[in-house]
Number of protein chains: 2
Amino acid sequence: MEVESKTSFGGMESKSKEVKVVTGGKLRPFDLVLRVVALALTLVAAVLLGVDKQTKVVSLQLLPTLPPMDVPVTAKWRYLSAFVYFVVSNAIACSYAALSLLLSVGNSKGNKGLGLAITVMDLVMVALLFSSNGAAGAIGLMGYEGNSRVRWGKVCNVFGKFCNQVAVALGLSFFGGLAFFLLVVMAAFALNKRH
Amino acid sequence: MEVESKTSFGGMESKSKEVKVVTGGKLRPFDLVLRVVALALTLVAAVLLGVDKQTKVVSLQLLPTLPPMDVPVTAKWRYLSAFVYFVVSNAIACSYAALSLLLSVGNSKGNKGLGLAITVMDLVMVALLFSSNGAAGAIGLMGYEGNSRVRWGKVCNVFGKFCNQVAVALGLSFFGGLAFFLLVVMAAFALNKRH
């Protein structure tokens, strides 16, 4: 900030003394902003699906000889393993975003190894979030559309509010994954530029 | 190869003349090997699910007044959108692996921009493969286990061979995604080392 505007690789500065005293650069504030954005998005996504719950009274025919009975049925994220994976992944990504934010701020001396470790962990978060978004997205889509071939019925015509909340959480988590994606791209650009 | 054993960032060498004539390095052959591995794994995964088909004669009760009828039922990847996404993603990743292999081999002069573009595209493949693996994995697991809460029945007790082939394709595609993951990590390490 004071001396030069050189960029950092995951919060890491080069070996030269002039750069070592630099506490900020052209890309550094954007790196921190992206981590805050990733933290917020994954936090809201995890909470949104974590508190998602809807109870409906459904008319079920338990026996062919009995008339249909009204039974209260509840939809919860815990009932579907893909949604559990989604909530856990977003919670991990959120915790890591907070940790990496602290490490990035604390790494003003530009430890190369730490900078590299942060970038590799950012990449792990990309893989984790995209895979859990894929899993929750596939199950969510099945809930919306159903599939007559495997005889899996629609669920979202009954649990519309639950499904909409899943959709919003999915969108937020996707952008959270995108934030980590951009952090890796930025690290590669920053290193490439100074290389 | 001849002069130094400096590593490359996605097949890119530094500006100095000594390094420019280097056509290989400590990490370069491994980079090419990983691309070939990624190509092979995603190709086999896409083909394995693409040709996956199983027909079984299932006893179905079409009307309560009629006796159960034996109906031939076929399982195909095209019937489930998550599997379509999986096959298309692996086909894209396979084609890109072939292209990036050619570009990396052709980029012996070490064009920095091209090297960076290859690393960013490797990262796109990580996101694409992990998300499609998540989607196909979630649907595959639902086929194996079913879910009584949403009343989606097991399918794999009937279409066992089909499901096993899906599981193998998923495993291969996971390692394909891991190959791209390692390519991005290697690029970051190579640049960081020389930085």
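The model is predicted, so to set the ground rules: local features need pLDDT of at least 70, side-chain atom pairs count only at pLDDT 80 or more, and totals for chains, interfaces and linings use all residues. Residues are numbered from 1 along each chain as its sequence is written, chains are lettered from A and ligands numbered from 1 in the order written, and side-chain values use heavy atoms, with hydrogens and water left out.

The interface, to begin with. Chain A and chain B bury about 3800 Å², 76% of it on carbon and sulfur atoms; buried area is the accessible area, with a 1.4 Å probe, that two parts lose on being put together, summed over both. Each side is counted by contact, meaning heavy atoms within 4.5 Å: 41 residues come from chain A and 41 residues from chain B.

What about salt bridges? The criterion is a side-chain nitrogen of Lys or Arg within 4 Å of a carboxyl oxygen of Asp or Glu. Across the interface of chain A and chain B there are zero, while the count over all chains comes to five. A:Arg35 forms one with A:Asp31, with the closest N and O atoms 3.0 Å apart. A:Arg35 and A:Asp31 are four residues apart in helix H2 (residues 28-50) of chain A, so about one helical turn separates them. Helices here are DSSP runs of H or I, at least four residues, numbered from the N terminus.

How values were computed. Helices (H or I, at least four residues) and strands (E, at least two) are DSSP runs, numbered from the N terminus.
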